[in-house]
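I set down what I looked up, entry by entry.

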Amino acid sequence: MYSYEKTGILSKKDLKLPSKKQLEKGVAIIECVQEIPCNPCVDSCPVNAISMKDVNAPPIADYDKCIGCGKCIGICPGLAIFLTKIKDNKALITLQYEFLPIPEVETKVKALDREGNVVGKAIVKKVVKEGKTMVIAIEASADLAMDIRNIRVDS
Amino acid sequence: MRVNGIPNVRTCIAPLKNDIKVEIQGKYANLPDAKFKENPVKTIDIDILVVGAGPAGMCASIEAANQGAKVLLVDENPCVGGQLIKQTHKFFGSKHEKAGTRGIQIAKDLENELKELEKKGEVTVLLDSTVIGYYEGKGKKYKFGVLKRYGYEGILHEIDCKSVIFAVGAMENMLLFPGNDLPGVYGAGAVQTLMNVYGVKPGDKVIMVGAGNVGLIVSYQLLQAGIQVDRVVEAVPIIGGYHVHAAKLRRCGVPIYTSYSIKEVYGDGKVEGAVVVKLDKNWQPVKGSEEKVDCDTICLAVGLTPSTRLLSQVGVEMEFVPEAGGFVALHNNSMQTTVKGVYVAGDSSGIEEASTAMIEGKIAGVSAALQLSYDKKAKTLKKQYIAELERLRDGPFGEKPRVAKNKIKKLLEKKHV
């Protein structure tokens, strides 16, 4: 039994982590580890950086191929893909956000980890509406790049 | 029993009056000629009757009509879509199953397809209508009584069809604990209907019981509606739903307690709190682990039971298959039951989820049409859908339905060697 099956929280050990160089380029980190019948991320990738043995296999991201375009972020039904880029000691994380109010660009928001704990502050850098899905890019401290997975917007 | 000429009366609860005529009826009842609420009975003659306009029923209707069959789709709700209309989350699956599209949008897309077919006269949709029973038909046709409601009035329809597809869905399971009858104890589906269909907030602070996909998804939707979810409790030691759904909840700060259940719910006339308790390996409460939690809403997401009453009235062979969620109609690869021309699809054929329900609906629709000799590449399509269904069920999350369907297949073979 994996501990995430009991807790619902992935640890970094469960994930394929990108190298420093790959993070500087910006890559899509896929936090989808179970065999579930789902594959829209594979179809969304313009450079075939996401592969899957069959529709039930977990997706595997090729960080060398990934161009960090973010097309897979908004399509993922599990909200499980996080585009992560480190530049000038800042982390730029792009994620899906499905709550109201929708933050405006340059708003300060709370940065949450996989357990919903506030681990720092972030600034909203980009808000893109893809259908009814909000894809939001936030900027935070670089050391939190692999920890921040959600935001809280104070209304 | 028949009372004063009216069939299918539950005589045990019918009021006793002087001079009433109580008779034993045959296997199937005759639909009486009597006027219903002074309105004349309407008769509809059709190739295929589809009961239930959820994902399975809509897909079955579209598929059968595309083959050339004339279809009547009946649903008791004021709109088509079934449970899809409250599924605000994006669906999984692949392109074929509209992956990445929200359930509510899939309902709209299918509704539009139905509307096109309605314009062409291929499909008729009867909403606010309940199939009230199966009656003795003439010749090889099946006869169903359908009551269409117009406010408090209603018109009884007599449906004569060559084939029927039951896509009638399922009912939510209840859980036994003291206080489960207090207002504020809901099924998760009911909460979803209140929030996502009617825009009504079911409460302010919720305990969700059950960490399957329904429990996880509804918890997340409660958060989206601005309602606090105190925790999710799950009796099983592991989370039953997809990890990605659990992760969405966890990163919003909602804890999931596995090996926990609800011991009792208390409150004066309404839910004011619950006692949650840890369970040991043998599912017994661990003494001293009780915790009182203030809340005003308990949401039960503890599984579903297939709706099969119409199927059993028609007389198809039923068996209890635990993995399917209860009694189900035995059916083959074509979704045909043990009665020729009677099909089943979706949750009523065994509990699963909407993507597979849609494919089962397609298989039932194309098979029913093919049996009536409507054939526009029907065999190729059917093969393709069956393969798609197998592919979706291939993973570990498809194990339960896979076991259920295999059992159903074996039981069917055993009975019809």
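**Entry 1: a hairpin in chain B**

I began at the hairpin of β19(B) and β20(B), where four residues lie between the strands and G325(B) takes a positive phi near 100°. I note at the outset that the model is a predicted one. The two strands run antiparallel, and I found four bridges joining β19(B) to β20(B). Across this pairing, F320(B) stands opposite F327(B) in β20(B).

**Entry 2: helix α9 of chain B**

I next looked up helix α9 of chain B, residues 399–415. The helix has 17 residues and reaches 24 Å from its first C-alpha to its last, close to the 24 Å expected at 1.5 Å a residue. Which residues of α9(B) are buried? I recorded P401(B), A404(B), K405(B), I408(B) and L412(B) as buried. These residues lie on the same side of α9(B), because they cover an arc of only 95° around the axis. I kept the general rule beside this entry: an α-helix has 3.6 residues a turn, so residues three or four places apart point the same way. On the other side of α9(B), I found K410(B) and K414(B) exposed.

I then asked what covers the buried residues of α9(B).

I turned to chain A and traced an open sheet of seven strands, in the order β1-β4-β5-β8-β7-β6-β9, with antiparallel pairing. At the edges stand β1 (27–30) and β9 (150–152) of chain A; each has a single partner strand, so one side of each is left without a neighbour in the sheet. From one strand to the next, the twist averages 40°.

For β1(A), I looked up the partner, which is strand β4 (residues 81–87) of chain A. The two run antiparallel and are joined by four bridges. Within the pair, I29(A) stands opposite F82(A) in β4(A).

**Entry 3: I81 of chain A**

I stayed with strand β4 of chain A, in which I81(A) lies. Is I81(A) buried or exposed? I81(A) counts as buried because its relative accessibility is 2%, and the cut-off for buried is under 20%. Leaving out residues up to four places away in sequence, I81(A) touches A28(A), I29(A), I30(A), C41(A), C72(A), I73(A), C76(A) and T94(A). For one of these, C41(A), I also noted the spacing: its C-alpha atom and that of I81(A) are separated by 8.9 Å, with the two residues 40 apart along the chain.

**Entry 4: backbone exceptions**

- L100(A) and P101(A) are joined by a cis peptide bond, with omega about -5°. I placed P101(A) in the loop between β5 (90–97) and β6 (108–112) of chain A.
- D88(A) is not a glycine, yet its phi is positive, near 50°. This residue sits in the loop between β4 and β5 of chain A, and D88(A) counts as exposed at 67% relative accessibility.
- M335(B) is likewise not a glycine and has a positive phi of about 70°. I located M335(B) in the loop between β20 and β21 (342–344) of chain B. M335(B) counts as buried at 4% relative accessibility.

**Entry 5: the nonpolar cores**

Which residues have the most contacts inside the largest nonpolar core? I listed I138(A), L222(B), L249(B) and I256(B), in a core of 42 residues. Helix α4 (residues 213–224) of chain B gives the largest share of this core, five residues. Setting aside neighbours within four places in sequence, I found I256(B) in contact with K6(A), A211(B), L216(B), V232(B), I239(B), A246(B), L249(B) and R250(B). Another core, of 40 residues, lies apart from this one and has among its members A69(B), A107(B), A345(B) and A368(B).

S219(B) is buried, with a relative accessible area of 0%. Not counting residues up to four places away in sequence, S219(B) touches M208(B), V229(B), V232(B) and L249(B).

Technical notes. Residues numbered from 1 in each chain as written. Chains lettered and ligands numbered in written order. Predicted model: local features only at pLDDT ≥ 70, side-chain atom pairs only at ≥ 80, totals over all residues. Heavy atoms only, no water. Expected span 1.5 Å × (residues − 1). Buried < 20%, exposed > 50% of the residue type's maximum accessible area, 1.4 Å probe, protein only. Arc of directions from axis to C-beta. Contact = heavy atoms within 4.5 Å. Pairing = 2+ DSSP bridges. Axes fitted to C-alpha atoms, helices over the stretch in contact; angles between N-to-C directions. Core = buried A, V, L, I, M, F, W, Y, C linked by side-chain atoms within 4.5 Å.
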